[in-house]
Amino acid sequence: MYISLIISLTLYINSTVSCVSCRFIVYKKNKTKKELAEELQKEADGASFSLELNTEWNFKDAKTPGLIGIVNPKSNKHLMKVAVYTKEEKKLLYDSGYLKPEQYIEYGKLENELPAGKHQAVAQVKIYDETGQRLLSENAVNVNVYVES
């Protein structure tokens, strides 16, 4: 038997933020190198994940929707959720709900009001299986939230 280590669920967010998990896959000895390579590639293709997330959110005021830019690209196989919290108070600012591959959110409204100014926040990005029942990976990304007035 061959034992192959597959690195799965590499999460690319803007630049260089990554989250990696590993698992073992056992293959029967009678497979050709080509068959094994095809299976490994198929496994790797289904195990990677990418997303686009704007890390500079701008709002005219705390009640008007602002540009947030969250994308679950077509290339993904998994659902994702993004919840953004203030860094210090951990107050929920935005919750995307589940996003399927090819879904995106261009504008969003803050869940809780913020005073004018720059606010440090954290986007909790969670990756789920296709049913939304099993959490596969999660990571955090810093986000700046600007409220004009």
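Which side chains meet in a salt bridge? I looked that up before anything else. The side chains of E113 and K63 do, at 3.8 Å from N to O. I keep in mind that this is a predicted model.

**Entry: the salt bridge**

I counted salt bridges and got 1. I then placed its two partners. E113 sits in the loop between strand 9 (103–108) and strand 10 (117–128). K63 sits in the loop between strand 5 (56–59) and strand 6 (66–72). The pair therefore ties together parts that are 50 residues apart in sequence. Buried or exposed? I checked both residues: E113 is exposed, and K63 is exposed too.

**Entry: aromatic pairs**

I searched the whole structure for aromatic pairs and found 2. One of them joins W57 and Y94. Its ring centres are 5.8 Å apart, the planes make 80 degrees, and the geometry is edge-to-face. W57 lies in strand 5 and Y94 in strand 8, so this pair ties together parts that are 37 residues apart in sequence. I looked up accessibility for both. W57 is buried, at a relative accessible area of 0%. Y94 counts as buried at 9%.

I turned to Y98 and Y128. Their ring centres are 5.3 Å apart with the planes at 80 degrees, so I log the pair as edge-to-face. Y98 belongs to the loop between strand 8 and strand 9, and Y128 to strand 10. Parts 30 residues apart in sequence are therefore tied together by this pair. Y98 is partly exposed, with a relative accessible area of 38%. Y128 counts as buried, at 11% relative accessibility.

**Entry: the nonpolar core**

Which residues of the largest nonpolar core touch the most other members? I find W57, I70, M80, V84 and V145, in a core of 24 residues. A general remark for the page: in soluble globular proteins, nonpolar side chains tend to be buried together.

I listed the contacts of I70, leaving aside neighbours within four places in sequence. The residues in contact are E52, L53, W57, M80, V82, Y94, L99, Q103, Y104 and I105. Both members of the W57–Y94 aromatic pair are on that list.

**Entry: strand pairing**

I followed strand 6 to its partners. Strand 4 (residues 49–53) pairs with strand 6 in the antiparallel sense, over 2 bridges. There, E52 has V71 of strand 6 as its bridge partner. Strand 6 is also joined to strand 9, by 5 bridges, and the two run antiparallel. N72 has Q103 in strand 9 as its bridge partner.

Next I took strand 7 and strand 8. They run antiparallel and are joined by 3 bridges. Y85 stands opposite L92 in strand 8. The two strands form a hairpin with 5 residues between them. I checked phi in the turn: K90 has a positive value of about 60 degrees.

**Entry: T86**

T86 is found in strand 7 (residues 79–86). Its relative accessible area is 4%, and I log T86 as buried. What does the side chain of T86 make a polar contact with? I find the side chain of E89, at 3.2 Å. I also looked at K91: its backbone nitrogen lies 2.9 Å from a polar atom of the T86 side chain. Leaving aside neighbours within four places in sequence, T86 is in contact with K91, L93, L114, Q120 and A121.

**Entry: L135**

L135 is found in strand 11 (residues 135–147). Its relative accessible area is 39%, and L135 is partly exposed. Not counting residues up to four places away in sequence, L135 touches K126, I127 and Y128. Y128 is the residue I logged above in the pair with Y98. I also checked L135 against L79. They are 56 residues apart in sequence and 9.5 Å apart in space, C-alpha to C-alpha.

Terms used:
Residues numbered from 1 in each chain as written. Predicted model: local features only at pLDDT ≥ 70, side-chain atom pairs only at ≥ 80, totals over all residues. Heavy atoms only, no water. Salt bridge = Lys/Arg side-chain N within 4 Å of Asp/Glu carboxyl O. Helix = DSSP H or I, 4+ residues; strand = E, 2+ residues; numbered from the N terminus. Buried < 20%, exposed > 50% of the residue type's maximum accessible area, 1.4 Å probe, protein only. Polar contact = N/O pair within 3.5 Å; in protein donor to acceptor, adjacent residues only side chain to side chain. Contact = heavy atoms within 4.5 Å. Pairing = 2+ DSSP bridges. Core = buried A, V, L, I, M, F, W, Y, C linked by side-chain atoms within 4.5 Å. Phe/Tyr/Trp six-rings, centres within 6.5 Å; stacked < 30°, edge-to-face > 60°.
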